[in-house]
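Here's a quick tour of the model on your screen.

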Amino acid sequence: MFLRRHSRLVSVSVIVIAVGFVMVPPAFSQDFLVGTWTATITIPSGPGSQQMVTSTVTFNVGARGKSLVGRMTITDDQNRIVAGVWREVGKSISITYEPVCDPASSSPCGTLLLIGKVKPATGTIKGTRAIVMWDTKNSQNPSLYDTSNGSFSAQIVNQ
Amino acid sequence: MFRKCILFGFVTLAFLYTLVPCHSAAHAQDGGFTLVGQWTVTSTPIGGRTVSNEGNTLGFPVRDMVFAQDGTLNTGMVLRDDIGPNVKPLGVWRVEGANLSCTFELWCPEAQTICGSVVMRGTFQDPSNISGTMAVFFTTLDPSTPTGLDTWVFAYTGKMQ
(Lines give C-alpha, C1' and ligand atoms only; values in the text may rest on other atoms or scores of the structure.)
Protein backbone atom coordinates (compact mmCIF):
# COMPACT_ATOMS: atom_id res chain seq x y z
CA MET A 1 0.00 0.00 0.00
CA PHE A 2 2.75 2.40 1.08
CA LEU A 3 4.89 1.43 -1.87
CA ARG A 4 2.06 1.88 -4.30
CA ARG A 5 1.14 5.29 -2.85
CA HIS A 6 4.72 6.52 -2.76
CA SER A 7 6.08 4.62 -5.72
CA ARG A 8 7.70 7.71 -7.20
CA LEU A 9 9.44 8.58 -3.92
CA VAL A 10 10.67 5.00 -3.53
CA SER A 11 11.97 4.94 -7.09
CA VAL A 12 13.91 8.17 -6.58
CA SER A 13 15.32 6.91 -3.27
CA VAL A 14 16.48 3.66 -4.84
CA ILE A 15 18.17 5.54 -7.67
CA VAL A 16 19.89 7.95 -5.25
CA ILE A 17 21.19 5.06 -3.11
CA ALA A 18 22.34 3.16 -6.20
CA VAL A 19 24.18 6.19 -7.55
CA GLY A 20 25.78 6.66 -4.12
CA PHE A 21 27.13 3.10 -4.19
CA VAL A 22 28.49 3.59 -7.68
CA MET A 23 30.23 6.83 -6.78
CA VAL A 24 31.97 5.48 -3.66
CA PRO A 25 35.00 3.47 -4.80
CA PRO A 26 35.44 0.07 -3.14
CA ALA A 27 38.77 1.25 -1.77
CA PHE A 28 36.89 3.63 0.54
CA SER A 29 34.91 0.84 2.12
CA GLN A 30 36.82 0.81 5.42
CA ASP A 31 40.09 2.20 6.73
CA PHE A 32 41.50 -0.74 8.66
CA LEU A 33 44.87 0.97 8.95
CA VAL A 34 43.71 4.13 10.73
CA GLY A 35 45.07 4.18 14.29
CA THR A 36 48.30 3.70 16.18
CA TRP A 37 50.46 0.67 15.46
CA THR A 38 53.71 -0.73 16.78
CA ALA A 39 55.69 -2.14 13.88
CA THR A 40 58.81 -4.26 13.80
CA ILE A 41 60.89 -3.89 10.65
CA THR A 42 63.84 -6.10 9.79
CA ILE A 43 66.06 -5.11 6.88
CA PRO A 44 69.68 -5.64 5.84
CA SER A 45 72.13 -3.15 7.37
CA GLY A 46 73.14 -2.00 3.88
CA PRO A 47 73.11 -2.93 0.19
CA GLY A 48 74.17 -6.54 -0.28
CA SER A 49 74.64 -7.07 3.45
CA GLN A 50 73.67 -10.36 5.08
CA GLN A 51 73.52 -8.69 8.49
CA MET A 52 69.92 -7.90 9.39
CA VAL A 53 68.90 -4.96 11.56
CA THR A 54 65.59 -4.87 13.43
CA SER A 55 63.94 -1.66 14.53
CA THR A 56 60.66 -0.92 16.24
CA VAL A 57 58.67 2.08 15.10
CA THR A 58 55.25 3.57 15.83
CA PHE A 59 52.81 4.29 13.02
CA ASN A 60 50.23 7.00 13.61
CA VAL A 61 47.89 6.60 10.69
CA GLY A 62 45.43 9.36 9.85
CA ALA A 63 42.15 9.01 8.00
CA ARG A 64 42.15 9.31 4.25
CA GLY A 65 39.21 11.64 4.07
CA LYS A 66 38.08 11.90 0.47
CA SER A 67 41.39 10.72 -0.92
CA LEU A 68 42.35 7.20 -1.89
CA VAL A 69 45.70 7.50 -0.13
CA GLY A 70 46.46 8.86 3.33
CA ARG A 71 49.14 10.41 5.49
CA MET A 72 50.79 9.05 8.60
CA THR A 73 53.74 9.70 10.87
CA ILE A 74 56.44 7.24 11.81
CA THR A 75 58.25 7.58 15.13
CA ASP A 76 61.48 5.61 15.37
CA ASP A 77 63.12 4.11 18.45
CA GLN A 78 65.05 7.36 18.99
CA ASN A 79 61.80 9.32 19.05
CA ARG A 80 62.47 10.94 15.67
CA ILE A 81 59.36 11.58 13.62
CA VAL A 82 59.01 11.55 9.84
CA ALA A 83 56.03 11.64 7.52
CA GLY A 84 54.78 8.69 5.53
CA VAL A 85 51.98 7.83 3.13
CA TRP A 86 49.72 4.81 2.85
CA ARG A 87 47.27 3.13 0.55
CA GLU A 88 44.68 0.52 1.45
CA VAL A 89 42.71 -1.49 -1.06
CA GLY A 90 40.51 -4.03 0.67
CA LYS A 91 42.79 -5.45 3.36
CA SER A 92 45.95 -4.97 1.31
CA ILE A 93 48.08 -2.06 2.47
CA SER A 94 51.15 -0.28 1.19
CA ILE A 95 53.19 2.17 3.27
CA THR A 96 56.16 4.18 2.11
CA TYR A 97 58.40 6.68 3.87
CA GLU A 98 61.88 8.11 4.10
CA PRO A 99 63.49 6.96 7.38
CA VAL A 100 65.70 9.51 9.14
CA CYS A 101 69.04 9.61 7.38
CA ASP A 102 71.76 9.35 10.00
CA PRO A 103 74.99 10.96 8.75
CA ALA A 104 76.95 9.09 11.43
CA SER A 105 75.80 5.73 10.08
CA SER A 106 78.08 3.73 7.81
CA SER A 107 75.04 2.59 5.81
CA PRO A 108 73.63 4.67 2.97
CA CYS A 109 70.23 6.29 3.30
CA GLY A 110 67.23 4.61 1.77
CA THR A 111 63.50 4.63 1.15
CA LEU A 112 61.21 2.05 2.74
CA LEU A 113 58.27 0.37 1.06
CA LEU A 114 56.14 -1.89 3.25
CA ILE A 115 53.48 -4.12 1.71
CA GLY A 116 51.16 -6.37 3.66
CA LYS A 117 47.66 -7.31 4.72
CA VAL A 118 45.67 -6.04 7.67
CA LYS A 119 43.96 -8.65 9.83
CA PRO A 120 41.23 -6.69 11.62
CA ALA A 121 40.18 -9.65 13.76
CA THR A 122 43.58 -9.86 15.43
CA GLY A 123 44.60 -6.20 15.04
CA THR A 124 47.74 -7.14 13.20
CA ILE A 125 49.45 -6.49 9.90
CA LYS A 126 51.11 -9.42 8.25
CA GLY A 127 53.90 -7.97 6.15
CA THR A 128 54.49 -9.64 2.85
CA ARG A 129 57.33 -7.36 1.73
CA ALA A 130 59.68 -4.78 3.26
CA ILE A 131 61.72 -3.26 0.46
CA VAL A 132 64.55 -0.77 0.87
CA MET A 133 65.66 1.26 -2.09
CA TRP A 134 69.08 2.54 -1.10
CA ASP A 135 70.66 5.78 -2.29
CA THR A 136 73.51 3.89 -3.96
CA LYS A 137 73.30 3.59 -7.74
CA ASN A 138 73.28 0.16 -9.36
CA SER A 139 72.81 -0.01 -13.12
CA GLN A 140 72.15 -3.78 -12.87
CA ASN A 141 69.09 -3.27 -10.71
CA PRO A 142 65.80 -2.56 -12.57
CA SER A 143 65.25 0.44 -10.28
CA LEU A 144 68.78 1.70 -11.12
CA TYR A 145 69.55 1.75 -7.38
CA ASP A 146 70.42 -0.96 -4.89
CA THR A 147 67.43 -2.64 -3.29
CA SER A 148 67.16 -5.05 -0.38
CA ASN A 149 64.35 -7.20 0.91
CA GLY A 150 63.34 -7.56 4.54
CA SER A 151 60.26 -8.25 6.58
CA PHE A 152 57.86 -6.45 8.87
CA SER A 153 54.85 -6.98 11.07
CA ALA A 154 52.68 -4.69 13.15
CA GLN A 155 50.29 -4.81 16.07
CA ILE A 156 47.58 -2.25 16.69
CA VAL A 157 47.82 -0.12 19.84
CA ASN A 158 44.84 2.22 19.44
CA GLN A 159 42.17 2.50 16.80
CA MET B 1 81.17 63.13 10.85
CA PHE B 2 83.53 60.28 9.95
CA ARG B 3 82.48 58.38 13.10
CA LYS B 4 78.81 58.82 12.15
CA CYS B 5 79.53 57.41 8.68
CA ILE B 6 81.32 54.37 10.18
CA LEU B 7 78.45 53.82 12.63
CA PHE B 8 75.88 54.13 9.83
CA GLY B 9 77.88 51.66 7.77
CA PHE B 10 77.93 49.10 10.60
CA VAL B 11 74.21 49.50 11.22
CA THR B 12 73.47 49.05 7.52
CA LEU B 13 75.67 45.94 7.32
CA ALA B 14 74.08 44.46 10.46
CA PHE B 15 70.63 45.05 8.95
CA LEU B 16 71.62 43.37 5.70
CA TYR B 17 73.05 40.35 7.57
CA THR B 18 69.73 39.89 9.37
CA LEU B 19 67.95 39.82 6.01
CA VAL B 20 70.20 37.24 4.33
CA PRO B 21 69.43 34.26 6.64
CA CYS B 22 65.70 35.00 6.39
CA HIS B 23 65.89 34.79 2.62
CA SER B 24 67.95 31.60 2.48
CA ALA B 25 65.85 29.86 5.15
CA ALA B 26 62.89 30.06 2.81
CA HIS B 27 64.82 28.31 0.08
CA ALA B 28 67.02 25.91 1.93
CA GLN B 29 66.85 22.84 4.10
CA ASP B 30 69.83 22.61 6.44
CA GLY B 31 71.53 25.41 4.53
CA GLY B 32 71.25 23.56 1.21
CA PHE B 33 68.59 22.82 -1.38
CA THR B 34 64.93 22.22 -0.69
CA LEU B 35 61.95 20.87 -2.61
CA VAL B 36 59.47 23.14 -0.82
CA GLY B 37 57.30 24.76 -3.49
CA GLN B 38 55.52 23.76 -6.67
CA TRP B 39 57.37 21.97 -9.44
CA THR B 40 56.53 21.05 -13.01
CA VAL B 41 57.96 17.61 -13.68
CA THR B 42 58.45 16.22 -17.18
CA SER B 43 59.25 12.55 -17.69
CA THR B 44 60.96 10.74 -20.55
CA PRO B 45 61.75 7.08 -21.27
CA ILE B 46 65.17 5.58 -20.62
CA GLY B 47 66.54 3.52 -23.49
CA GLY B 48 63.17 3.56 -25.24
CA ARG B 49 61.48 1.57 -22.44
CA THR B 50 57.94 2.85 -22.33
CA VAL B 51 56.50 -0.07 -20.34
CA SER B 52 57.69 -2.47 -17.64
CA ASN B 53 58.47 -6.18 -18.13
CA GLU B 54 54.85 -6.93 -17.29
CA GLY B 55 53.52 -4.24 -19.61
CA ASN B 56 52.72 -1.64 -16.94
CA THR B 57 53.35 2.05 -17.48
CA LEU B 58 52.46 5.48 -16.11
CA GLY B 59 52.95 7.09 -19.50
CA PHE B 60 54.98 10.26 -19.84
CA PRO B 61 52.76 13.11 -18.77
CA VAL B 62 53.82 16.49 -17.40
CA ARG B 63 52.88 16.65 -13.71
CA ASP B 64 52.60 19.43 -11.19
CA MET B 65 53.97 18.43 -7.81
CA VAL B 66 53.75 20.40 -4.57
CA PHE B 67 56.15 19.88 -1.67
CA ALA B 68 55.83 21.28 1.85
CA GLN B 69 57.71 21.11 5.12
CA ASP B 70 56.29 21.27 8.63
CA GLY B 71 59.07 20.72 11.15
CA THR B 72 60.44 17.24 10.44
CA LEU B 73 57.44 16.31 8.30
CA ASN B 74 58.29 16.65 4.62
CA THR B 75 55.23 16.08 2.48
CA GLY B 76 54.48 16.02 -1.22
CA MET B 77 51.48 15.81 -3.48
CA VAL B 78 50.87 15.26 -7.19
CA LEU B 79 48.10 17.42 -8.59
CA ARG B 80 45.82 15.31 -10.78
CA ASP B 81 42.91 17.69 -11.20
CA ASP B 82 42.65 16.36 -14.74
CA ILE B 83 41.12 13.18 -13.27
CA GLY B 84 39.24 14.65 -10.32
CA PRO B 85 39.47 17.27 -7.60
CA ASN B 86 40.25 14.63 -4.94
CA VAL B 87 42.88 12.80 -6.96
CA LYS B 88 46.11 13.73 -5.24
CA PRO B 89 48.71 10.97 -4.94
CA LEU B 90 50.60 11.68 -1.71
CA GLY B 91 54.28 11.43 -0.95
CA VAL B 92 57.14 12.36 1.33
CA TRP B 93 60.67 13.59 0.60
CA ARG B 94 64.16 14.23 1.92
CA VAL B 95 67.17 16.15 0.67
CA GLU B 96 70.79 15.26 1.47
CA GLY B 97 73.08 17.96 0.11
CA ALA B 98 72.29 18.23 -3.60
CA ASN B 99 70.59 14.82 -3.71
CA LEU B 100 66.86 14.35 -3.32
CA SER B 101 64.59 11.41 -2.66
CA CYS B 102 60.80 11.27 -2.74
CA THR B 103 58.41 8.40 -2.41
CA PHE B 104 54.73 8.36 -3.42
CA GLU B 105 51.77 6.03 -3.20
CA LEU B 106 49.81 5.93 -6.41
CA TRP B 107 46.07 6.53 -6.50
CA CYS B 108 44.08 3.41 -7.30
CA PRO B 109 40.28 3.50 -7.34
CA GLU B 110 39.58 -0.19 -7.74
CA ALA B 111 40.95 -3.29 -6.03
CA GLN B 112 41.41 -4.85 -9.45
CA THR B 113 43.48 -1.92 -10.72
CA ILE B 114 47.20 -2.46 -10.93
CA CYS B 115 48.71 -0.02 -8.48
CA GLY B 116 52.14 0.84 -7.16
CA SER B 117 54.59 3.08 -5.38
CA VAL B 118 56.99 5.54 -6.98
CA VAL B 119 60.45 6.39 -5.66
CA MET B 120 62.19 9.45 -7.11
CA ARG B 121 65.94 9.91 -6.95
CA GLY B 122 67.67 12.97 -8.31
CA THR B 123 69.91 15.94 -7.89
CA PHE B 124 69.57 19.70 -7.88
CA GLN B 125 71.30 21.46 -10.77
CA ASP B 126 70.42 24.70 -9.01
CA PRO B 127 67.67 25.67 -6.52
CA SER B 128 65.04 25.72 -9.31
CA ASN B 129 66.03 22.70 -11.43
CA ILE B 130 66.15 19.02 -10.60
CA SER B 131 66.64 15.85 -12.62
CA GLY B 132 66.92 12.14 -11.99
CA THR B 133 65.01 8.90 -12.31
CA MET B 134 61.76 7.51 -10.96
CA ALA B 135 61.33 3.83 -10.15
CA VAL B 136 57.80 2.46 -10.08
CA PHE B 137 57.22 -0.67 -8.04
CA PHE B 138 53.93 -2.02 -9.39
CA THR B 139 51.72 -4.37 -7.38
CA THR B 140 52.17 -6.89 -10.20
CA LEU B 141 54.62 -9.63 -9.25
CA ASP B 142 57.75 -10.22 -11.31
CA PRO B 143 60.03 -12.95 -9.97
CA SER B 144 62.85 -11.78 -12.26
CA THR B 145 63.41 -8.59 -10.23
CA PRO B 146 65.32 -8.43 -6.91
CA THR B 147 62.24 -7.12 -5.09
CA GLY B 148 59.84 -9.57 -6.70
CA LEU B 149 57.74 -6.65 -7.96
CA ASP B 150 57.32 -5.48 -11.52
CA THR B 151 59.66 -2.47 -11.73
CA TRP B 152 59.89 0.28 -14.31
CA VAL B 153 62.15 3.32 -14.47
CA PHE B 154 62.07 6.55 -16.41
CA ALA B 155 63.91 9.85 -16.34
CA TYR B 156 62.52 13.20 -15.26
CA THR B 157 63.40 16.85 -15.09
CA GLY B 158 61.72 19.28 -12.74
CA LYS B 159 61.47 23.04 -12.74
CA MET B 160 60.23 25.08 -9.80
CA GLN B 161 57.29 27.31 -10.72
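## Strands in chain A

Start with β1(A) and strand β8 (residues 145-158) of chain A: seven bridges join the two, and they run antiparallel. Strands here are DSSP E runs of at least two residues, helices are H or I runs of at least four, and both are numbered from the N terminus. Two strands pair if DSSP finds at least two bridges between them. Within this pairing, A:Ala39 stands opposite A:Ala154 in β8(A).

On to β2 of chain A (residues 52-61), which pairs with β1 (residues 35-44) of chain A over 10 bridges, again in the antiparallel sense.

## How the model is set up

This is a predicted model, where local features need pLDDT of at least 70 and side-chain atom pairs count only at pLDDT 80 or more, while totals for chains, interfaces and linings use all residues. Residues are numbered from 1 along each chain as its sequence is written, and chains are lettered from A and ligands numbered from 1 in the order in which they are written.

## Chain A overall

Chain A has two helices and eight strands, and its pattern along the sequence reads α-α-β-β-β-β-β-β-β-β. Of its 159 residues, 36% count as buried, meaning 20 or more other C-beta atoms lie within 10 Å of a residue's own, with C-beta atoms placed from the backbone (12 or fewer is exposed, in between is partly exposed).

Take the contacts in chain A between residues at least 6 apart in sequence: 41% of them join residues at least 24 apart. A contact needs C-beta atoms, placed from the backbone, within 7 Å.

## The barrel in chain B

Over in chain B, eight strands close into a barrel with antiparallel pairing, in the order β1-β2-β3-β4-β5-β6-β7-β8. One of the pairings is β5(B) with β6(B), antiparallel over seven bridges. There, B:Glu105 has B:Ser117 in β6(B) as its bridge partner.

## Where the chains meet

The contact between the chains takes 37 residues from chain A and 36 residues from chain B. On the chain B side, β3 (73-79), β4 (90-96), β5 (99-105), β6 (116-126), β7 (129-141) and β8 (149-160) each give two or more residues. The largest share, six residues, comes from β4(B).

How values were computed: Two residues are in contact if their C-beta atoms, placed from the backbone, lie within 7 Å.
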